[in-house]
There are 4 protein chains.
Amino acid sequence: MIIILKQNADEGKVRTLLQGFEAQGLACHRSDGEHTSIVGLVGDTSRVDLESVRANDIVEDVKRVSEPYKAANRKFHPDDTVVSVGEARFGGLHFGVIAGPCSVESEEQIVAVAKAVKASGAGLLRGGAFKPRTSPYAFQGLHAEGLELLLLAKKETGLPIVSEIMDLSHLDLFRDVDIIQVGARNMQNFEMLKALGHCGKPILLKRGLANTIEEFLMSAEYILAGGNEQVILCERGIHTFETATRNTLDISAIPLLKHHSHLPVIVDPSHAAGIPWLVEPLAKAAVAAGADGVMIEVHNNPKAALCDGAQSLTPAQFDGVMRKVKAQLAFEGREG
Amino acid sequence: MIIILKQNADEGKVRTLLQGFEAQGLACHRSDGEHTSIVGLVGDTSRVDLESVRANDIVEDVKRVSEPYKAANRKFHPDDTVVSVGEARFGGLHFGVIAGPCSVESEEQIVAVAKAVKASGAGLLRGGAFKPRTSPYAFQGLHAEGLELLLLAKKETGLPIVSEIMDLSHLDLFRDVDIIQVGARNMQNFEMLKALGHCGKPILLKRGLANTIEEFLMSAEYILAGGNEQVILCERGIHTFETATRNTLDISAIPLLKHHSHLPVIVDPSHAAGIPWLVEPLAKAAVAAGADGVMIEVHNNPKAALCDGAQSLTPAQFDGVMRKVKAQLAFEGREG
Amino acid sequence: MIIILKQNADEGKVRTLLQGFEAQGLACHRSDGEHTSIVGLVGDTSRVDLESVRANDIVEDVKRVSEPYKAANRKFHPDDTVVSVGEARFGGLHFGVIAGPCSVESEEQIVAVAKAVKASGAGLLRGGAFKPRTSPYAFQGLHAEGLELLLLAKKETGLPIVSEIMDLSHLDLFRDVDIIQVGARNMQNFEMLKALGHCGKPILLKRGLANTIEEFLMSAEYILAGGNEQVILCERGIHTFETATRNTLDISAIPLLKHHSHLPVIVDPSHAAGIPWLVEPLAKAAVAAGADGVMIEVHNNPKAALCDGAQSLTPAQFDGVMRKVKAQLAFEGREG
Amino acid sequence: MIIILKQNADEGKVRTLLQGFEAQGLACHRSDGEHTSIVGLVGDTSRVDLESVRANDIVEDVKRVSEPYKAANRKFHPDDTVVSVGEARFGGLHFGVIAGPCSVESEEQIVAVAKAVKASGAGLLRGGAFKPRTSPYAFQGLHAEGLELLLLAKKETGLPIVSEIMDLSHLDLFRDVDIIQVGARNMQNFEMLKALGHCGKPILLKRGLANTIEEFLMSAEYILAGGNEQVILCERGIHTFETATRNTLDISAIPLLKHHSHLPVIVDPSHAAGIPWLVEPLAKAAVAAGADGVMIEVHNNPKAALCDGAQSLTPAQFDGVMRKVKAQLAFEGREG
């Protein structure tokens, strides 16, 4: 951590500040120039609050040098974390595929989609029971009944299931769900993250629409700090000025996250683009950039879907995408 | 709502689509050109799902013409909503001031700040008991004890209190809190919004960092749709590429929100900028742009604050800002 | 400037790097920790290229501590720069008003608008002769004829004129223009900035749509470095995800620019919002935040305007805005 | 084009407005609802100015339905445009590689880099003679001498050359340059685009940092409208809130641009990321997403580079990237 002191800062106050740091076991190295004085703080600074330091009237600015996350940091955990669910694996050489409808609508629908995506090679079934909808007048999901239908589809096909939690009070309902998804809008729902750190299940954490990669890893850190090391990171597009796509897929996030963290990283090309014919090129780009998996929306009848139909693939379209993805995984030497 | 049909769309499919809308009580007006055909949908389209319509293979694009919110819409409720708490009023000619520390730290601290901000003219005391912190290693608030200390400060000063809820399971703890705050990170925590629609208390709803004005009003609509009409909207900056300020205060949001909605709109210049000396010019700008209130962070010892000290004002600085704000309110003919 | 060295950096390479800096007259202060080593570089680092330093394989990261601009920096020029043109003044206590149509269309139009805005209190007439239009099929301005019509309006009313330059080859045509405007799209047209540094005329420099405040000041630095100290900075909105306004007016930029620089700062509420009824609240907010002037689009017949009619005020609307602005300037103790 | 009329719009004014459109050869179809009236405008609306229509006091909003570009539009030119320079081809099945240093620094440097990148398989040599630098104190390029050195390297290696133009007054100096590059900061320098529409040379047009895909295609339209059909589009990252990379590579732009336009699309992973080890995954992702080429920065001594050294690859690193890119092109059935 580096502290830039104000010009003509009171020497007594500077000494008091530095003694405070030394009392926390940090070493302070000071460099004085004509216009600026710099203090380098060396040691474990992850618990130092930048804002409080910045509030000192002798401080011009404070900059962090080392990453504020530890459990998620590859520096301290060089080996890839592999998350395993059923026969699916995410991380290391393994590439996992999650597919299914935006929302569970009926037994007929979810079983049909489950069978279709399994036949095409998906390793997990996704389906929303609780749906975060911008409008209170839109379909909000089947709730507990939706989770029951998902379990039914799991029984029929053997595919483990992924579903999104929207409130901690529903946690009990997720006891038989294989991976609990935290949606983009809840990436900084810290009470939820803390609780999921103790839930004993793999977590699929989606990046928030306005959150930096560092904030994303800090949210993963909340779960890891609670003792749950099975976290899959999911890049799903960020909010930018571009309106041609629903969000802007940040493809660089894949290699960056994998560089800074040992956690597996997957991509959701359906939500990133919001346009079905973009799913294939984005899924391929994700593989090429090193992703450990994809999550793709598939609906047996997109135009009658109760939610996000416009971005869903039909089973036949999904099968086409999977052929391309599998061929590319083979080319890359990855295990699909 | 307007539907743009694909070139050479199958006529039978178009007829089926339009008959479906007519069955929902909507009137369809069609215009055929050389390269595009347009269908105007007229009637109550707030329940039509754009995405499902867009999923039709005969549809090129769909555009909404009327706002998707009703209860929050000024068109249907032309008069300003005024939210009253204690002697504070937000909306119409009334301007309310909320002040206090980012987080409640001790009885001494909260009582001292409460007395100071009351003396300077604040109408409500704010203080965080549950704190959304990016880092799991940062101070997370005093929780139930923090709320008790706030109530103690209320007893001492008579100031009603505002505090942020971070999880619905804490709702019972907020029974004596006067205004429940929904933070930016929870603006689209829809389960929370639904529950607060039935809680019988005024809600201070902060705009999300990546959310449009329309999405902001849709979140307010969730609360209003539940029967709770006491919603105060709070603009607190959005996430942009600019790094000189923590966020970018969207000053235009004030007149826009007041144009489209009858709800009161306040501004949080402390979180928007993250720089204490910007609070005064931004608070004044907010008054000039028509805001119905401000929320300002004040700490009796910013450099020892456990949270967000860098952006807090001292009581003396806050008093200076209040003098300017009051003078400007008088100039504008507003009741402070 | 601070250099963060990689873990286990080769000691010989580190020494070579630091000797290079010392040869440039910089002092190097080093702090070694367990996981990171930091080097503080003290002295005039404005000519050190960050990117080249970062390219060293022993360097993890480089951070600048002092601002990279000097001529525009208030630290070295504490007094406000005042730009004077005719009877208009920008900076210090002075507030200037520039008004006129987006583009000059005819003698009748420009003279009528000039008379109207003068009567309402504008100190300068603006009018575009060369228009930057997104579409090649849109009206591109009257070019040389447009500048002649502006000069005619100046003769009729005595108002000095402001017009935008789009290419350096047109510079000769601007010899009688009083203030040369550099548009947002040319803020980083560095060849143009260099040439305007020698043109002997005041420059109105608009902020680019995707440019930070620091980049904005660096572009001003280009002009100042050429010897031209008459630069007016103009905040006109930045590109964000919000689509309710054409751009997002960054109101915080006003106090920030004035804090870091001595140059006058004005606001263009017409282009920032793109909505005529937002001009008044935004102009008032700009005054409240400390702006040194405004630039407002006025057209005698907005709905027949050949360019940007939707955001133009009528002369009557402009007169209403000016009454509010003047009242507020008086309240603020500014000279309008 | 669709016009949404205000509630209770004066019927006489509406008729006048519609008659104006009919006089321009457009057909008007009107749909009246309880709260809104919609007018569908059918015909060639590319010359209708949205802003002027919006300025009518009877108009609530105007929305474009068809793309405002024609020459660049795939609808009217279904076949891929292929741009050929020397032995390099961009578009259709062809994939072109441009490589070289950010700026030309010396004969020794540029010839060495040219030989190296040719050996690794690059089809064109890039090198900046005029450099757009944020700081006036940074190295600005060797200007005419830089272009001469590039030509020398071309003579030595046979590689055609690409260089960026920064001002139209330099156009004569580019007579022997094979592809003229328009940088991101000049993407909306419309006078330059117009002139390049008549220059008879292929143009490499980079996307602006804050420009949408539609604006990007409108800038290409400026060049095409002048008669020059040899335009290569280059995605190089956009400005977002994320700071971990210099810019955010918009990978979706590749398939979107190719869907809407027949022009070839290449990617510049060096400028997009600003981090050398991200060049390989981003280049591979670009191929996977359907790009028609890449442009990569290579310097024989990045840490001594006078410009952007931090993002340059060494010749050996570039060779490694090329092996991966070529293998992937073969896998994709593209001609490298």
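Let's start in chain A, where Asp319(A) makes a salt bridge with Arg323(A), and the closest N and O atoms are 2.9 Å apart. By salt bridge I mean a side-chain nitrogen of Lys or Arg within 4 Å of a carboxyl oxygen of Asp or Glu. Both Asp319(A) and Arg323(A) sit in helix α10 (residues 315-332) of chain A, four residues apart, about one turn of the helix. Helices here are DSSP runs of H or I with at least four residues, strands are runs of E with at least two, and the numbering goes from the N terminus. Asp319(A) counts as partly exposed at 22% relative accessibility, while Arg323(A) is exposed at 60%. The cut-offs there: buried is under 20% relative accessible area, exposed is over 50%, and partly exposed is in between, with a 1.4 Å probe and protein chains only.

Quick housekeeping. This is a predicted model, so local features need pLDDT of at least 70 and side-chain atom pairs count only at pLDDT 80 or more, whereas totals for chains, interfaces and linings use all residues. Residues are numbered from 1 along each chain as its sequence is written, chains are lettered from A and ligands numbered from 1 in the order written, and side-chain values use heavy atoms, leaving out hydrogens and water.

Back to salt bridges: over all chains the count comes to 72. Over in chain D, Glu11(D) pairs with Arg30(D), again with the closest N and O atoms 2.9 Å apart. This pair links distant parts of the chain, since Glu11(D) is in helix α1 (residues 11-23) and Arg30(D) is in strand β2 (residues 27-32), 19 residues apart. Glu11(D) is partly exposed at 36%, and Arg30(D) is partly exposed too, at 32%.

Then there's Glu191(D) with Lys194(D), where the closest N and O atoms are 3.3 Å apart. These two are three residues apart in helix α5 (residues 190-196) of chain D, so about one helical turn separates them. Here Glu191(D) counts as buried, at 12%, and Lys194(D) as partly exposed, at 22%. There's also a network of salt bridges that links Arg207(A), Glu235(A) and Asp250(A) with Glu242(D).

Now for that helix. Why do I call α7 (residues 253-260) of chain A largely enclosed by the rest of the structure? Because six of its eight residues are buried. Those are Ala253(A), Ile254(A), Pro255(A), Leu256(A), Leu257(A) and Lys258(A). What covers them includes α6 (213-225), β12 (231-235), β13 (265-267) and α9 (279-288) of chain A, together with α9 (279-288) of chain D.

On to the interfaces, and chain D against chain C. The contact, meaning heavy atoms within 4.5 Å, takes 47 residues from chain D and 47 from chain C. The two chains bury about 4200 Å² between them, with 53% of it on carbon and sulfur atoms. That's the accessible area (1.4 Å probe) lost on putting the two parts together, summed over both. Tyr137(D), Glu191(D) and Lys303(D) supply 16% of what chain D buries against chain C, more than any other three residues.

On the side of chain D that touches chain C, α2 (50-54), α5 and α6 (213-225) each supply at least two residues. Of the elements, α6(D) gives the most, with five residues.

As for symmetry, chain D can be laid on chain C with an RMSD of 0.0 Å by a turn of 180° and a shift of 0.0 Å along the axis. That's the relation of a two-fold axis. The superposition is least squares on the C-alpha atoms of residues with pLDDT of at least 70 in both copies. Ala210(D) is the residue of chain D that comes closest to the axis, with its C-alpha at 2.6 Å. And 100% of the interface residues of chain D are also interface residues in chain C, so the copies meet through the same surface.

Last one, chain B against chain D. Here 26 residues of chain B are in contact with 26 of chain D. The buried area is about 1900 Å², and carbon and sulfur atoms give 72% of it. Val42(B), Val65(B) and Phe241(B) supply 24% of the area chain B buries against chain D, more than any other three residues. The salt bridge count between chain B and chain D is zero.
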